[in-house]
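Visitor: Could you walk me through how the parts of this fold are packed, and tell me what the terms rest on?

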Amino acid sequence: MIAGRFAPSPTGPLHMGSLVTALASYCSVKQAGGQWLVRIDDLDPPRQDPNAENAIIRSLAAHGLNSDRPIIFQSDHAVAYESALQKLTPHLFYCKCSRRELRAHDRYPGTCRAAKTPTPDRAVRVLMLDAEHDYTDGFLGQVAADFTTQLGDFIVKRRDGLIAYNLATAVDDGDTISEVLRGQDLLPVTAPQRYLMQLLGLNVPNYTHIPCLEFNDGTKLSKQSHAPPLDDACALTNLRAALGYLGFRAPDPINSISSLLSWSIQHFDLTQIPDKLPKYRPC
């Protein structure tokens, strides 16, 4: 079964950059005859907006981007994440280092690698073996990540007890997803996630990282950069704009969301997406 996903964090409403990525993911997996899933990555309560979850779901529905299965919530998967931690035990250690202590280092220096006994109030890190990690990206081609010089031992469970993004995503993607299409801002986390999937014996998806939509000054559209939320009342206009950023122009007579999505699926082609998207222009 071919399956792709769009996995927003509920830290705010969707914006045009979100729509560009969601639309590309949707068209890619639908063109391949697969299922497109929506997963809400709600594992970090301190950062979450209580109104964002419903706003995201409403916005996707308004734009015709409906999940082919019931919407998935990472907060429902605590048992699976703890089970994964147990399987990873031989590769884990317990880190007491503070952010201040690590600020001078490009990557984790291995300070606490000998701490193998579970200890409260310590972050849990996974030991990265020295190796190169090459894979083929659907948009970027060959990608290499050197664990020794680039990555370092990374956190899989935070000091506050919350499961880290990389572990949760590795478990969920390795369990159900065959195709991951997302923005290039997430390229740095791909190698750690693939590494965890391999340690856990999970299937590793195919990855495609497309360019991110940016403001004129080169800042990526995000909730942190105050990207304007999508106006769901202008869904057809929004979808046309998102297609334009991706390098496509649908015929003007298409005047319904369902027809526009059908056209987009039929004509989607990764090779037409520019290496750098046009700068964001408010609709």
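Visitor: How do you know at what angle helix α1 and helix α9 cross?

Guide: In this predicted model, where local features need pLDDT of at least 70, side-chain atom pairs count only at pLDDT 80 or more, and totals for chains, interfaces and linings use all residues, the axes of α1 (residues 16-31) and α9 (residues 257-267) come within 8 Å and cross at roughly 65°. Axes are lines fitted to C-alpha atoms, for helices over the stretch in contact, with angles from 0 to 180 degrees between N-to-C directions. Helices are DSSP runs (H or I, at least four residues), as are strands (E, at least two), numbered from the N terminus. Residues are numbered from 1 along each chain as its sequence is written, and side-chain values use heavy atoms, leaving out hydrogens and water.

Visitor: Why are α1 and α9 called roughly perpendicular?

Guide: Angles of 65 to 115 degrees count as roughly perpendicular, under 35 as roughly parallel, over 145 as roughly antiparallel and the rest as oblique. The crossing is roughly 65°, and α1 and α9 are therefore roughly perpendicular to each other.

Visitor: Which residues make that contact?

Guide: With contact meaning heavy atoms within 4.5 Å, α1 brings Leu-23, Tyr-26, Cys-27, Lys-30 and Gln-31, and α9 brings Leu-261, Ser-264, Ile-265, Gln-266 and His-267.

Visitor: What makes β4 and β8 edge strands?

Guide: Strands pair if DSSP finds at least two bridges between them. The open sheet of 3 strands runs β4-β5-β8 with antiparallel pairing, and β4 (92-95) and β8 (154-157) each pair on one side only, which is what an edge strand does here.

Visitor: How do you know that β5 and β8 pair?

Guide: Strand β5 (residues 123-126) and β8 share 3 bridges in the antiparallel sense, against the at least two that pairing asks for. In one of them, Val-124 has Lys-157 of β8 as its bridge partner. Helix α7 (residues 190-200) packs on this sheet, touching β5 and β8, and its direction makes about 55° with that of β8.
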